[in-house]
Every structure is written in structure tokens, then in C-alpha cells.
Amino acid sequence: MADKATIVLFSHVSNTRSITGAEKLLLFFSRELSPYFNCILVAPQDGKLTRLARSYGINVQLLSIPLVYGMYTPYAGLPADIRKLQESREYHELSDWLAGVRPSFIISSTCVHALPPMAAKSLGIPVVWKISETITDNEFTPISVELIHNNSDEILAISQTAAACFPEDIREGKVTQLPPSWNDAEMMFEAWSKLRGERRSELKVAPEEPLVGYVSSFINKEKGLEHFVKMAVLVNEQHPAAHYIVVGSPGDKSYYERCVRKVKLEGLTSRFRFVGYEECLPAAYCAMDLLVVPSLIREGFGMTALEGYAFGKPVVAYDSGGLREILNAAGCGELLVPAANIGALAERVNLLLAAPAMAAAIGSLARERIEAVYGPAAYRARLHGLAERWYLRYCLAPPQAAGGEEAPPAAPPAGGEGAPAAEAPRERSSRRAARLRGAKLRRGRLRRAKARARAAASRPRRKKRAGGSARRRASGGKHRRAGHARRRGRRRRKAA
């Protein structure tokens, strides 16, 4: 992979004051792909994501692209609404930009970022569609699934849960799982003890007092903060010395304020710390003794739980989507409770708070297990295989540049009706070789024409008359001698 091919990664959001789990995951993914490809990250606006991307040497392009939220919550009119979006100015600007860049392939993040895959497929550019969430299961789910299937060459799923909506034939034919990981360089291992002491001092939590944590990039009803508060009310009955920290920006301000009021009404204000967006997440995780993830939606994965385990913390969570995969991989399935069961959530937390040494041992052992399954080494091994496959599949015979030969039509859905047989590698190689030979001949003719023009320009110009005389001289003297002979003959005839 000496000559890096250009690829484009599309982020559906770029928040200005904070960064979501999906953004962090895409940034990590882009950085890990950079050794293999020349990556361009496209985002709707400048934000924390784009600033970090530039600092890591990743090219950034800003394009405002409408999101299709109906892909996540499908409905009957979804295809018609997408067709309208494809008539918009933003869609045409996106198509024109892609036609100019002509990447080897694109990667679109999340199911709601549907327009980039559709624009790319219309231009014959291969598409890897990265699915990080679980599409809502209703009677219209097959519409979203079919749209993703028809507008992708490969589907990259974050977990088994995220891939579950696709039928078995699609999963076998084009779905690959790539669970997320973390960056060891940002973990600050050597400073954990110091970070713990400093952060707990700032929070006014004594060393012997337990601290229970809640973390969410954007806090809304689906992330279960109210359940966390109600759980704390129950836990306080058995462990009144426990403190609680809530990390995250209000996504739904009225909901967030309702949770804060609930804390006041229950008389727990002195026990709660609402810290908003946390600039140094390692410090927040290090300060905690355990993490609670009371998510009420079917999480595509559950980055918060993964981060908690990466810092060696025991995690208690609702059995919601991908959270089950993470806790089972950590060997902590017994710390999963049915979603919305606040009593069971409090029971598990009480169990850990009652035995702090056991809780610490659970967190430490879980970290080792999670490291083996989801750690950076495991992630890079999976990604290396993907990068090699993508390079061989999409970069050795890239689409033609704009203005050149017409790009080959997009491949029909795998296994779809009328799908042609796979093209043999030898045929692809011969076609590519023929194109290269043709391009070489055209370049040769162009070079020769330029050389002739330069040579002509460098020769001294002659006067037109001198050139004419030279031509007459070069034609030989026989014509002049013949003319003299004719004139002498006429004179003799007159004299006679």
C-alpha cells in the first residue's frame, strides 16, 4: 500500500461544545485508517470533532447534508421523502463534490446519514455503510433495511445487536462486525491514582466514601438519568455515605431540570454532583468506584460501559441492546438487570457497595477480559484485515476520474434479482491494463506534439521573399535555360 488511495468518511454530526460517542468512534476509526488510506473527514460544521481531526493530520471538508431520521424510525413514506431530499441543493452539491474528488470508496457513519451513500452509488463509487445503532423494529423496518442494502457494497456493524435487523442472507453476504475500542495514548495510565485523588478532592468526596457514576454525552429521557436518580434514592437507604456524579450535557433541558429537582425534593443535593460536559473523562472515571448505565433504548453497543471497563470499573447496566454483549464479554452478565427495573438496579449497586474489595476485583478482572476482546490490539488486527480487503477490492481498479471514461455502473444488491455473476479477477486486470495502455499512448502523443511545437518555435523565422527565391533556386536552373532557348529561337526566326 505504498500509494495511499483517497477515501471519504462522513460524520452525521459535529457538535461545537462536546463530542458524542459516535463522533469519538468515527474519529478513532479515521485515525486508525490513516496509515492505509488518505482520509478525508466530511462533517456538517466545525466542532470538537473537526478540530481534533485536524490536530491529528486528517483532512476535513465541511458540507451541510440533511439527515434522514426516518432511517432510524422507519415509516411508510420514507422512500418518497428521500426522493424529495435528492432534489435538494445540498444533495446536488454533495454529488458534485464527490464527482470531483472521486474517492476509491466512501464510509458513511450511522443509518440516518443516508444521502452520501446514495450520491456515491449514483456515481459508481463503492460504499461502506457503518451502522452504529439499532434500527427501530416496526412494520416498516424492512424499508430501511432495503435502502441500506441497495445503496451499499458492504455494511460495517458495530455489534451483533446493530446487525440483527438485516436478514441472514444479507448478514452473510455483506455485513462485517467491527466493535469499537479505545486509544491507550489517551488513557493516562500512569496518572490514575493522582487523577482519582485530585478529582475526588474537587468533588469534595472523601477517600473512604463511595462514588457512583453516570456518564452520557447528551442527557435525554432515553439515557435514563431519572432512573439513576430514583435508584440513588433506594441505595441511600442502605448506603447513606454514597455520593453520585452525573457527567454529560443536557440534551433535553426540561428533562434534565426535572431530574435535578427530583434530587432536591429527595434531599440528596449534597450527595449529587452535576458536572456537565467533562473535559478530562479519565479523571471522572478514575474518581468513580462503579458505573451505572441505565439506558432505556436498545443501544447499538454502549461506549460508556466499554469506557468504564477500560478504566477497571465494575458496571451495572440495563439489559439494553449491545450492553448485554459488553457485560457478557466482561464476565459480568449477573450485573445486567431488566430495562426499567429500578429496584433491581439498586439491588446490584447495593451489592457492590457492600463489598468494595469484591467490586474492585470485579472491575480489574473485567478489564483484562475486555482488553482481550475489545482492546486496541484486537481492534487493529480486525481493521488491518478490513483495510487489506478494501484496498484489493476498491483501490486497485478505482472509478475513472471525472471527464474520463464513464465509471462502471453500481453493482446490484448481492443476491438480488438479475445480479450478474462476479467478474473474474483476470478480466478486471485485462480491462485495467487496456485502460492504462490507452492512457499511456495518449500521453505519448501529447508529449510528441508538444516537442514538435517547441522545436518549431525555436527555429529562426525567414522572410517570405527570401524563402520564395530559395524555392526558385532549389527548383534548378533547367527551367531558366529552357526559357533562354525559347527566346533565342524566336529571335532567329525573326532575323530569317
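**Salt bridges and helix contacts in a predicted model**

Residues are numbered from 1 along each chain as its sequence is written, and side-chain values use heavy atoms, with hydrogens and water left out.

What does Glu278 meet in a salt bridge? The partner of Glu278 is Arg199, at 2.9 Å from N to O. This pair links distant parts of the chain, 79 residues apart: Glu278 sits in the loop between β10 (272-276) and α12 (281-287), and Arg199 sits in helix α9. I count a salt bridge when a side-chain nitrogen of Lys or Arg is within 4 Å of a carboxyl oxygen of Asp or Glu.

Arg199 is itself buried, with a relative accessible area of 11%. Arg199 also forms a salt bridge with Glu202, again given as 2.9 Å from N to O. Glu202, by contrast, is exposed, at 53% relative accessible area. Glu202 and Arg199 are separated by about one helical turn, because they stand three residues apart in helix α9 (residues 192-203). As a general point, an α-helix has 3.6 residues a turn, so residues three or four places apart point the same way.

I turn now to helix α4 (residues 89-101), where Glu93 and Arg89 lie four residues apart, about one turn of the helix. They form a salt bridge whose closest N and O atoms are 3.0 Å apart. Glu93 counts as partly exposed because its relative accessibility is 38%, and Arg89 counts as exposed at 54%. Over the chain, the salt bridge count comes to 21.

Next, the helix contacts. How do α16 (residues 356-374) and α17 (residues 376-395) pack? Their angle is about 10 degrees and their axes are 5 Å apart. That makes α16 roughly parallel to α17, and the crossing of these two helices is left-handed. The contact involves Glu371, Ala372, Val373 and Tyr374 from α16, together with Pro376, Ala378 and Arg382 from α17. By class, these residues comprise five nonpolar, no polar and two charged.

The terms are as follows. Contact means heavy atoms within 4.5 Å. Axes are lines fitted to C-alpha atoms, for helices over the stretch in contact, with angles from 0 to 180 degrees between N-to-C directions. Angles under 35 degrees count as roughly parallel, over 145 as roughly antiparallel, 65 to 115 as roughly perpendicular, and the rest as oblique. A crossing is left-handed if the near helix is turned anticlockwise from the far one by less than a right angle, and right-handed if clockwise. Ala, Val, Leu, Ile, Met, Phe, Trp, Tyr, Cys and Pro count as nonpolar, Asp, Glu, Lys and Arg as charged, and the others, Gly among them, as polar.

α17 also meets α1: their axes come within 11 Å and cross at roughly 65 degrees, in a right-handed crossing. Here Phe28, Phe29, Glu32 and Leu33 of α1 touch Tyr379, Arg380, Leu383 and Trp390 of α17. That contact divides into six nonpolar, no polar and two charged residues.

The buried residues of α2 (residues 48-55) are Lys48, Leu49, Thr50 and Ala53. Their cover includes α1, β2 (38-43) and β3 (59-62). After α2 comes Gly57, with a positive phi near 85 degrees.

Thr176, in strand β7 (residues 175-177), touches Leu386 and Arg389, among others including Glu154.

Terms used:
Predicted model: local features only at pLDDT ≥ 70, side-chain atom pairs only at ≥ 80, totals over all residues. Buried < 20%, exposed > 50% of the residue type's maximum accessible area, 1.4 Å probe, protein only.
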